[in-house]
Amino acid sequence: MAQAERDSTRRQTPERPRRPRLEPAGPQHQRDLAAEIVRGYAGHLPNGVYEARTKFYRRAPHEVLGSDGYALLSRYFARYVLPQALMSGEMTKLQCAVLSNIVGRAERGVCHAIQREIADEVGTSRSSVSPALKHLAARNYIRSIGRGIWQLNLLIAYKGNGDEQQTFLAELRALALENGFPDIIGLEALRNGDKESPAC
């Protein structure tokens, strides 16, 4: 009887969700890292220390969260603007690749990259990247703010916290740029301008 009551109580108690466990990295990886640490600390350990032990754990190969917060991509841009631009031919695969490269590089809305660096990572020539950058700038996806310095439209993507993003957006809007950056994006920006912005 008592056993049956205990079984019944166990069944009614909700199970706690299990947290994912980190598994130790492989032995070879541990040996390699341990040797690197020993080399780094050689001659720097206190005299009383004769042995140190540590464990190494795998981590994801990408950084989604960090001291800066989330890396955010506008869902509206990803769902409506970019797919329609690609399907209509208004944006080529190369232009999309260049924009994606800048999104991945941008820190606090700014990307430092010369055209050769972008070309090497995208897998094309520098001469192909230049017109792609002009195309993107004419549509206010990006804007040139110096040689090899591109400001990504903060309404498309931003790496950092939301309060910081809003502060930078307010500063941009206060400039009252003639092309309407950052609020006018895509073909509407092209209609407002006389010609495509020069790329630096």
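Throughout, a residue is called buried when its relative accessible area is under 20%, exposed when it is over 50%, and partly exposed in between (1.4 Å probe, protein chains only). The model is predicted, so local features need a pLDDT of at least 70 and side-chain atom pairs count only at pLDDT 80 or more, while totals for chains, interfaces and linings use all residues. Residues are numbered from 1 along each chain as its sequence is written, and side-chain values use heavy atoms, with hydrogens and water left out.

To start with the overall layout, the chain holds eight helices and five strands. Helices (H or I, at least four residues) and strands (E, at least two) are DSSP runs, numbered from the N terminus. Read from the N terminus on, the elements go α-α-β-α-α-β-α-α-β-β-β-α-α. Of the 200 residues in the chain, 28% are buried. Contact here means heavy atoms within 4.5 Å. Taking contacts between residues at least 6 apart in sequence, 65% join residues at least 24 apart.

Next comes the inside of the model. A nonpolar core is a set of buried Ala, Val, Leu, Ile, Met, Phe, Trp, Tyr and Cys residues joined through side-chain atoms within 4.5 Å. The largest such core has 24 residues, and the members touching the most others are Met-91, Leu-99, Ile-102, Leu-133 and Ile-142. Two or more residues each come from α3 (75-88), α4 (93-105), α5 (115-122), α6 (126-138) and β4 (149-152). The biggest giver is α6, with five residues. Another core, of five residues, lies apart from this one and includes Leu-154, Tyr-158, Leu-172 and Phe-181. As for Met-91, once its neighbours within four places in sequence are set aside, its contacts are Leu-82, Ala-85, Leu-86, Cys-96, Leu-99, His-135, Leu-136 and Tyr-141.

Helix α6 deserves a look of its own. With 13 residues, α6 reaches 19 Å from its first C-alpha to its last, close to the expected 18 Å at 1.5 Å a residue; that expected span is 1.5 Å times one less than the number of residues in the helix. Its buried residues are Val-129, Ser-130, Ala-132, Leu-133, His-135, Leu-136, Ala-137 and Ala-138. What do the buried residues of α6 pack against? Their partners are α4, α5, β3 (142-146), β4 and α8 (187-192). After α6 comes Asn-140, which has a positive phi near 65 degrees.

Two helix pairs can be described in more detail. Two packed helices are described by the angle between their axes and the distance between the axes. Axes are lines fitted to C-alpha atoms, for helices over the stretch in contact, and angles run from 0 to 180 degrees between N-to-C directions. Angles under 35 degrees count as roughly parallel, over 145 as roughly antiparallel, 65 to 115 as roughly perpendicular and the rest as oblique. For α5 and α6, the packing angle is about 105 degrees and the axes are 8 Å apart, which makes α5 roughly perpendicular to α6. On the α5 side, Gln-115, Arg-116, Ile-118 and Ala-119 meet Arg-126, Val-129, Ser-130 and Leu-133 of α6. Sorted by class, this contact has four nonpolar, two polar and two charged residues. Ala, Val, Leu, Ile, Met, Phe, Trp, Tyr, Cys and Pro count as nonpolar, Asp, Glu, Lys and Arg as charged, and the others, Gly among them, as polar.

The axes of α4 and α5 cross at roughly 110 degrees and come within 10 Å, so α4 and α5 are roughly perpendicular too. Leu-94, Ala-97, Val-98, Asn-101, Ile-102 and Arg-105 of α4 make the contact with Glu-117, Ile-118, Glu-121 and Val-122 of α5. By class, the contact of α4 with α5 splits into six nonpolar, one polar and three charged residues.

Arg-75, in helix α3, counts as exposed because its relative accessibility is 74%. Its C-alpha atom is separated by 8.5 Å from that of Ile-156, 81 residues apart along the chain. In the loop between α4 and β2 (110-112), Arg-108 has a positive phi of about 50 degrees although it is not a glycine; at 37% relative accessibility, Arg-108 is partly exposed. The loop between α7 (162-174) and α8 holds Pro-182, and the peptide bond from Phe-181 to Pro-182 is cis, with omega near 10 degrees. Ala-176 is also in the loop between α7 and α8. Its phi is positive, near 50 degrees, in a residue other than glycine, and Ala-176 counts as exposed because its relative accessibility is 61%.
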